[in-house]
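This report covers one protein chain. Please look through the sequence and the structure before reading on.

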Amino acid sequence: MMRTNSWTEEQIDVLKDQYPVIHDVRLLCSAFGKTYKAIKSKAKVLQLKRIVPPPTLGKTRATASDDQYIKDNYLKINLTAIARHLGYSETLVKGRMKFLNLVTPKEIKDRFRAEAIAKTRATRFYKGHLPHNTKTDFEITVRADNRGVKYKFIRIRLGNWTPLHRYRWEQANGMIPPKMKLIFKDGDTMNCDIENLELLTPGQLMKRNSYHNYPKPIAEMVQLRGALNRKINKHLKKLTDEKQNQ
């Protein structure tokens, strides 16, 4: 049975020391042999107030100086600016404001919102306005495809870019027929001179890229490798068929 009527001087000293800062007051019940209600009543008589530990954020902790900064500035600057200054999230700052009973009046919130909108006007794009770095017609830029191969592009008009080598060929020779391939004779995709461009059919391009264009020793090695791969695949297929029939 817990004793709830008498307090020793030692218990009172411990209560004064621990009550304001202990995480859970109920932990004092077993230490003092008293009920939770008795501890709360004695604390009230002694005019002891709880100091709730501030919330944590990862491995950091909001400090008393953080709380003071919030108190000093929540009516002067917006929540985002406070969070950025303290290095915390806006959620944590909101939590601290709620704990500290700090409420931003509506008229001040409206002022913060108006100031934020005004700051964006300097960099906002309106209809008919273009960024300062917008390219002009017939300006050339370099882009890489998904393989990392670089090609030159030319701007025909706003929002319309085309490969420079294709543009120059069509200006000199007309539209490229369907399925025809426009290639660089020297293999340099940066060399878009018309003399370096050639139009081929898919068959011509395949033939040009075949092993017949390599020096004879290399062409023979490519041929032998192909024959060897075919024999290996044929043998593997035979083994697989035999295994399935067992």
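Is L236 buried, partly exposed or exposed, going by its relative accessibility? L236 has a relative accessibility of 45% and therefore counts as partly exposed; buried means under 20% relative accessible area, exposed over 50%, and partly exposed in between, with a 1.4 Å probe and protein chains only. The residue lies in helix α10 (residues 216-245). Helices are DSSP runs of H or I with at least four residues, numbered from the N terminus. Together with L228, I232 and L239, L236 makes a nonpolar surface patch of about 350 Å². For such a patch, residues need over 30% relative accessible area and no salt bridge, and nonpolar side chains are joined within 5 Å.

The model is predicted: local features need pLDDT of at least 70, side-chain atom pairs count only at pLDDT 80 or more, and totals for chains, interfaces and linings use all residues. Residues are numbered from 1 along each chain as its sequence is written, and side-chain values use heavy atoms, with hydrogens and water left out. The chain averages a pLDDT of 80 (the predictor's confidence in each residue, from 0 to 100), and 81% of the residues score at least 70. Residues 54-60 fall below 50, and this stretch has 12 contacts in the model beyond near neighbours in sequence; contact means heavy atoms within 4.5 Å. Where pLDDT is low, the predicted coordinates should not be read in detail.

Helix α6 (residues 90-99) has L92, V93, R96 and M97 buried. These residues lie on the same side of α6, because they cover an arc of only 140° around the axis, taken from the directions from the helix axis to the C-beta atoms. The exposed residues T91, K94 and K98 are on the face turned away from the buried side. After α6 comes N101, with a positive phi near 60°.

In helix α8 (residues 164-173) is H165, which counts as buried because its relative accessibility is 10%. Outside four places in sequence, H165 contacts Y151, L182, F184, C192 and L197.

The structure holds six salt bridges, each a side-chain nitrogen of Lys or Arg within 4 Å of a carboxyl oxygen of Asp or Glu.

| Salt bridge | Closest N to O |
|---|---|
| D110 and R113 | 2.9 Å |
| R166 and E170 | 3.4 Å |

R166 and E170 are four residues apart in α8, so about one helical turn separates them. Shared partners also join K106, D110 and R113 into one salt-bridge network.

Conventions: Helices (H or I, at least four residues) and strands (E, at least two) are DSSP runs, numbered from the N terminus. Patches are made of residues with over 30% relative accessible area and no salt bridge: like charges are joined within 9 Å, nonpolar side chains (Val, Leu, Ile, Met, Phe, Trp, Tyr) within 5 Å. Accessible areas come from the Shrake-Rupley method with a 1.4 Å probe; for residues, only the protein chains shown count as cover.
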